[in-house]
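Subject: Handover of a structure

Dear colleague,

Please find the structure below, together with its sequence. My notes on what was found in it follow directly after.

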Amino acid sequence: MLAAVSCVAALLRADAASLSIAVSDEAGAALEHAAVALVPVAGKGSPQPVRAEIVQRDKRFIPRVSAVPVGAAIEFPNLDTVRHHVYSFSPAKSFELKLYIGKPAAPVVFDKPGVVVMGCNIHDHMVAYVLVADTPWVGVSDGAGALRLGPLPDGDYTLEYWHPRWVGVSVEPQRQTLRVEGEARHVLTIGERP
Ligand SMILES: [Cu+2]
């Protein structure tokens, strides 16, 4: 019985940490739409394949910014009554979903890390961004500039991040290393340039 209890305690400890991130611009204003991933320094994050969705509605991609683990299968349902033609030329994922309405037959699998920029061939203003990272711990900052990753083990991590402010400047995620222990907090400042 004692052994069982200590085993449960060890399991809880192994995944007891979390990281809360506050994202702001250089003036200190909360910044929405920062894509963030926390990649373990030792070994891989071993992400499980996940499913996600980027909807087209009112000639916009929703969400505009996503963060997913490597291997994620993303559906692109078109809820508009006009056809869209979704494409990307990004090295991390080059693909094309030719003119369609409704849901394409197969999701698009994002199998390489990096930032993927997507557009619509018909509507030039439509654009969406996906940060793909080799870890299960990913997120996007909300309207208050906040996001929380976890539960995850204590340890050393590389924080990868990218923001649409950098469109036209860089589509490379920026990186910094940090140690996460317990309920950790981190302030991330994103300027006009990486
Ligand atoms: Cu379109």
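I begin with Asp58, which is exposed, because 8 other C-beta atoms lie within 10 Å and a residue with 12 or fewer counts as exposed. Please note that this is a predicted model. Asp58 sits in the loop between β4 (55–57) and β5, and has a positive phi of about 55 degrees although it is not a glycine. Lys59 is found in the loop between β4 and β5 as well, and its phi, near 55 degrees, is likewise a positive value in a residue other than glycine. With 13 other C-beta atoms within 10 Å, Lys59 is partly exposed.

Two cis peptide bonds deserve a mention. One joins Ile62 and Pro63, with omega at about -5 degrees; Pro63 belongs to the loop between β5 (60–62) and β6 (65–69). Another runs from Gly150 to Pro151, with omega near 0 degrees, and Pro151 has its place in strand β14.

Strand β14 (residues 146–152) also contains Ala146. This residue has 14 C-beta neighbours inside 10 Å and therefore counts as partly exposed. Leaving aside residues up to four places away in sequence, Ala146 touches Ala22 and Ser141. Its C-alpha atom is separated by 8.0 Å from that of Ala30, although Ala146 and Ala30 are 116 residues apart along the chain.

As to the sheet, three strands form an open arrangement in the order β3-β7-β10, with mixed pairing. Both β3 (51–53) and β10 (108–110) stand at the edges with a single partner strand each, so one side of each is left without a neighbour in the sheet. On average, neighbouring strands of this sheet are turned by 35 degrees against each other, direction ignored. Strand β7 (residues 72–75) and β10 run antiparallel and are joined by three bridges; Phe110 in β10 is the bridge partner of Ala72.

For the protein as a whole, there are one helix and 17 strands. The C-alpha trace spans about 65 × 45 × 25 Å along its principal axes. Of the 194 residues, 31% count as buried. Among contacts between residues at least 6 apart in sequence, 66% join residues at least 24 apart.

Yours sincerely

Conventions: Residues numbered from 1 in each chain as written. Predicted model: local features only at pLDDT ≥ 70, side-chain atom pairs only at ≥ 80, totals over all residues. Pairing = 2+ DSSP bridges. Helix = DSSP H or I, 4+ residues; strand = E, 2+ residues; numbered from the N terminus. Axes fitted to C-alpha atoms, helices over the stretch in contact; angles between N-to-C directions. Buried ≥ 20, exposed ≤ 12 C-beta atoms within 10 Å, placed from the backbone. Contact = placed C-beta atoms within 7 Å.
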